[in-house]
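Please look through the structure below before reading on.

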Amino acid sequence: MRNVKIEDRLEKVVESYILNHSFKMTIFVEKNEQGKFDVLYANSLAIQYFSTEIEQSAASFFGDLWIPIKRRMRKLQNHSDFTTEIQSIRGGVGVLFELDFQRHTEEFEREIIIIELRERLDTVTVRKSQSELQHKYNSVIEHNLDPIITIDQNFKIIYANRAVHLGFGYRFKELSGRSILNLSGEDNIKAFKLFLSRALAGESIEMEDSTIFHKKGYLLPAYLKAIPVLINGEVEEVQLIVRDTSIHQKNNEKLLFLSYHDHLTGLWNRQAMKEHFTEDSLNALQRETRLSFVHLGLDRFKLINESLGHNGADEILKMVAERLKIICPASARLYRNGSDEFIVSLQNHSVLKTEKFAQQLLNDFGKPFYHNHQEYFISASIGIAVYPEDGKTLENLLRKSEQALTFVKDRGRSHYRFYQEAMNSTFPDEALMESHLRRAIELNELTIHYQPQVDLKTGHISSFEALLRWNNGKFGFVSPAQFIPIAEDSGLIHGIGDWVLNQVCKQLKEWQDKQFKAVRIAVNISPKQFRMENFVDKLKEKISYYDILPSSLEVEITEGALTIIDETLATLNELKKIGIFISVDDFGTGYSSLSYLKQYPIDIIKIDRSFIKDIEFDVKNKAIAKTIINLAHSLGMEVIAEGVEKDLQAMILLEAKCQKAQGFLYSKAVPVEEIVEKYL
C-alpha cells in the first residue's frame, strides 16, 4: 500500500507542472514491478495530441513514439534530468520533438520520470502545409468529374472517386482490394496490362481504344489516362482516369454514316462512290472486265415537288430508292447522285447485260408509287458510261453518263442510251464559254460580292464570305455553278483564284487604312489551287504586300482539297502558322470525312444549306444539324450555317448553339459599296 504522504507529494508536483508547464505536453510515468512503465498522469495537451487515456501502459499511450523515448531514457541512469530531441513520422510527415526528462526517486520512494514534449514549430508548419496539400490533392481526386481509380504496384484498387459510381456503377467498397485487370474485357486484357505496367514504371500514358466492364456486366468503350504518383523517385501508386466514350462513339458512328450515305434515302453518296471507284476500277483493270455506270434521272420530278411539297416529294424519293434496291443485283452498288438522280455501278457486266438491266429499270418505273392512298406515275431516263472505254477517272465517267442522260431527256425521255462521242455536240456553249472566261479578268467582267455572316446570339457582323460574280457580254450573268467547273477543268481557276485573293487583300487593306472595324473575309479556294506548291508562298506575299492582318483572312476549302493527307496537312499547318483561319465548306453533304476533322487544324465547319432547308419541319435535317454542331463544338470548332432564310430556322440554330449564320434572311451577297454603307 502506497504511502499517503508520498501520494500527496506527487499531487503537489503535478499541480506545479499544470501551473508552470501548460504549454508543453507533460506525462508522468512510473516503472512497475515487471520493469515496464505505466502512465500516472498526462496533461490535456498530451491527451489530445496522442488521442488516448491516462491509465494505461506508456507503450500504449505513446504508440510508435515510445521506443525512441525509452532509448533516450537510458541516459537518466547517471543524471537526474536530461534534454534531447527525437524524430518520428506522424501523419506521413517527419516530426521533430524536443524532450525534457526529470527523474524523481527519493522523494516518492519509487522511480517516477516526468517527460515533457514539445513539437518543434518548424515541423508543425511543415506538417500543416503537407496536410493542406494532401487535403487539396484528395479533394481534386474526389470531386473530379472524371472517374478516377487509384491502383498500387500490384494492380490492386486502393481508391475510387464518386464519379466511378456515376459512370460505371461501382462504389469504392465494391472495388477496394480488387485487381483493376478484372474490369477489362478479355480481348483487351493484354494491351491493358502492358499499359498499366508502363504507368507503374513511371510513364504518363494514354489508351484510347479500351473497354471497361460496367457493374451491370456489359462492356463500355473507354479512354484511359494513367498518371504515376512518385514519392522520392519511386512510383507509389497510379491514378487512372477512366472516361466512358460510348456517347462520342455513337456520335462518331452517326457522322461516319452521314459522311458516306445520303441522309434522306440511306443510299451511298458521292464520297462513297469515289472510294468504291478506286477499288472497283482496279479490279476491273486486273480482270479485264467492264465497270458500267448507269445514271438514272427521274423525269419531270419538279411536278411532284410542286404537287406534294418537299416532304411529300422526299417520301416518293425514298420509295424510288427502295424500289431500286430490289431491282439491283447483289454485286451492284447503288448511289444517290443528287436530288432526283441515282447511279448504279455494275461490275463485270457486258453491254448486253447492262442493256437488260437498264430496260428492267424502265419497266419497273412503269408501276405506280403510292402516297396518301394516291397513285403517282414517274418515268425515268438513263445514261450509261463504261469503264475503261469512256474514261478512266470517275469524273470523266460521271460527266459522260450525265451527257448521255441529258441526250435521252432532250429526245423524249423514258429510255436509255450509252455514251457516244457525238453527244459532246449537245454542249456547244461550254467551249465558247471557256473562251469568254479566259478574257473575263482582262475585260473587267469579274466582281466580288460579300455576304454577311451574322452572330446568332448578338446579331453583330464581323465576318463575310467573298463570292465571285461574272457578268459576260454574250451570256449575261453566269452562275458560279456553271463557270467554276469550266475554270477548274480548263486550268483557268489558278489565275482567277489569284485575282480573287488579290482583290480581297486589297479590300481589307482599304478598310484597314480607313480604320473601319476589324472584320474577317472567307475566300473559297479551289482544290486545284490549294494543291499548288506555291499556294502558301503566294498568300504570304499578298499579306505582306498589302500589310494586312493574317487573321483577317479565312481560307474556305472543300473535301476535294483534303484528300492527299500528307500534302494537305503540311499546307494547313503552314496557314495556321501564319495566323489564317481555316474552314470546311458544305460539311455534311458527303464530301467531308471524320478523319479530316481529327487530323487537320480546322477552325470552322460550315453546315450545308441542304440541311438548313426545311429544318423547322424536317426532323431528320434538324437532328443532322444538331449532330454536326455538337461534334464541331466537342472538337473546339466554330459552326456557321449556310442558306438561312427564315426566322424559325435561325431560332432553331441558336438553340442548338450554332455561332453564326448566313443567308437571305439577313442578306444576299452584295457589292462592296453596300457592305461599307450597311455594315462598316
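Which residue in S13 is the bridge partner of tyrosine 335? In this predicted model, the partner is isoleucine 343. The pair belongs to the contact between S12 and strand S13 (residues 341–347), which is antiparallel and has four bridges.

These strands are part of an open sheet of five strands, ordered S12-S13-S11-S16-S17, in which the pairing is mixed. Strand S12 (333–336) and strand S17 (416–418) form the edges, each pairing on one side only. On average, neighbouring strands of this sheet are turned by 20° against each other, direction ignored.

Two helices lie across strands of the sheet. Helix H12 (residues 351–364) lies across strand S11 (291–298), S13, S16 and S17, and runs at about 155° to S17. H13 also lies across S11, S13, S16 and S17, at about 145° to S16.

Between strand S16 (380–387) and helix H13 (394–410) is a loop that holds aspartate 390. Aspartate 390 is buried but has no salt bridge. Its nearest side chain of opposite charge is lysine 400, 5.8 Å away; a salt bridge would need a side-chain nitrogen within 4 Å of a carboxyl oxygen. Beyond its neighbours within four places in sequence, aspartate 390 is in contact with residues including Leu397, Lys400 and Tyr419.

Turn now to strand S1 (residues 25–31), where six of the seven residues are buried. S1 runs antiparallel to strand S5 (residues 112–119), joined by six bridges; isoleucine 27 has isoleucine 115 as its partner there. S1 also pairs with strand S2 (residues 37–42), again antiparallel, over five bridges, and phenylalanine 28 stands opposite tyrosine 41. Five residues separate the strands of the S1 and S2 hairpin, and in this hairpin glycine 35 takes a positive phi near 85°.

Conventions:
Residues are numbered from 1 along each chain as its sequence is written. This is a predicted model: local features need pLDDT of at least 70, side-chain atom pairs count only at pLDDT 80 or more; totals for chains, interfaces and linings use all residues. Side-chain values use heavy atoms; hydrogens and water are left out. Buried means under 20% relative accessible area, exposed over 50%, partly exposed in between (1.4 Å probe, protein chains only). Lys and Arg count as positive and Asp and Glu as negative; His and the chain ends are not counted. Contact means heavy atoms within 4.5 Å. Two strands pair if DSSP finds at least two bridges between them. Axes are lines fitted to C-alpha atoms, for helices over the stretch in contact, and angles run from 0 to 180 degrees between N-to-C directions.
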